[in-house]
Amino acid sequence: MSAELMKGSPVSKRIRSQVKERILELEGQYGRVPGLAIVRAGEDPASVWYANSLKKAASKVGIQTRIVALPEEVTQDEFEGVLQDLNRAEDVHGIILQEPYPSHIDADRIVSLLDPDKDVDGVHPLNAGYHFLGAPRFIPATPLGGLMLLEEYGVPIKGAEAVVVGRSNIVGKPMAMLLLSRHATVTICHSRTRDLGEVTRRADILCVAVGKPGLITGEMIKPGAVVVDFGTNPVGDELKGDVEFESAVQVAGMITPVPGGTGPVTTAVLLRNVLQAFERKLGVGA
Ligand code: NDP
């Protein structure tokens, strides 16, 4: 048996073209386009690469993007000052704060100072709270993209047994909340979970966001299960998921490949979130 691949690019392309079309329409009506600021500090290579690729993707759909690159030695006060300026800037509708932060920076405080209306990656406590309460405004792009992939491929979620491995605020927890909102029965696993395989084998839908290449092997997957792998781990010249693809593909019913699964959808959803922030600012959005 070989699982069906849940590829991200068809979903990603469709979202991007919808976003681009709507931005053109709004530009025609209002003479303005959405603005995005990506803030990063230090020279972490993955963070530099991601900021550049996001800027490119945003420009292609008509979002005006600036990267605010702060030095590793930026002080807390300076960082907060930059953020307050972006919060006030009329031409910035979305702000993305990229991890990792320099170790001396109080990241929780930075996140709490972000204008919730510009928090397009849904990291501010207010937006996390709205999501938790079932009235979401901005949902983190990676898990929302994961849900869109499940929906795109017609995976039944209502009543399904779903297991999420990983409990970060940016992927694991919001993914669990999204599945719960679609009426799955959800279990969340983490580094202290006893007998991980025993729990993951119960899953009809298994979502993995851990950051450990190949942690989940085929024998930890129920035959026919749907596997969403959020892991993006550079191993040598390759990008590997948190799921050991070679063994998992023999057991699962459907699986997202890495690369080419959840990654492309994340970027597209982020762009869509920026458009939503812009629409709200114009008073035309939901
Ligand atoms: P974090 O490091 O913030 O969280 C990792 C989670 O995995 C923690 O909850 C941790 O548990 C859990 N964990 C660690 N080891 C184990 C283990 N042996 N068994 C079970 N659980 C374990 O990572 P992120 O959520 O930020 O990212 C996870 C992965 O997703 C990474 O590969 C990252 O690159 C990728 N990612 C992908 C994106 C995409 O677009 N596809 C976007 C964002 C991230 P505990 O809480 O107990 O420490």
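**Exercise 1. Classify Glu 25, then examine the salt bridge that Glu 25 forms with Arg 22.**

Step 1. Glu 25 has a relative accessible area of 43%, which makes it partly exposed. The classes use a 1.4 Å probe and protein chains only: buried is under 20% relative accessible area, exposed is over 50%, partly exposed is in between.

Step 2. Arg 22 is partly exposed too, at 22%.

Step 3. Recall the rule: a salt bridge puts a side-chain nitrogen of Lys or Arg within 4 Å of a carboxyl oxygen of Asp or Glu. For Arg 22 and Glu 25, the closest N and O atoms are 3.4 Å apart.

Step 4. Both sit in helix H1 (residues 9-30), 3 residues apart, or about one helical turn. Helices (H or I, at least four residues) and strands (E, at least two) are DSSP runs, numbered from the N terminus.

The model is predicted: local features need pLDDT of at least 70, side-chain atom pairs need 80 or more, and totals for chains, interfaces and linings use all residues. Numbering starts from 1 along each chain as its sequence is written, and side-chain values use heavy atoms, without hydrogens and water.

**Exercise 2. Locate the partners in the salt bridge of Glu 80 and Arg 109.**

Step 1. The N to O distance is 2.7 Å.

Step 2. Glu 80 belongs to helix H3 (residues 76-88) and Arg 109 to helix H4 (residues 107-113), so the pair ties together parts 29 residues apart in sequence.

Step 3. Glu 80 is buried at 11%. Arg 109 is partly exposed at 41%.

**Exercise 3. State how many salt bridges the rule gives.**

The count is 12.
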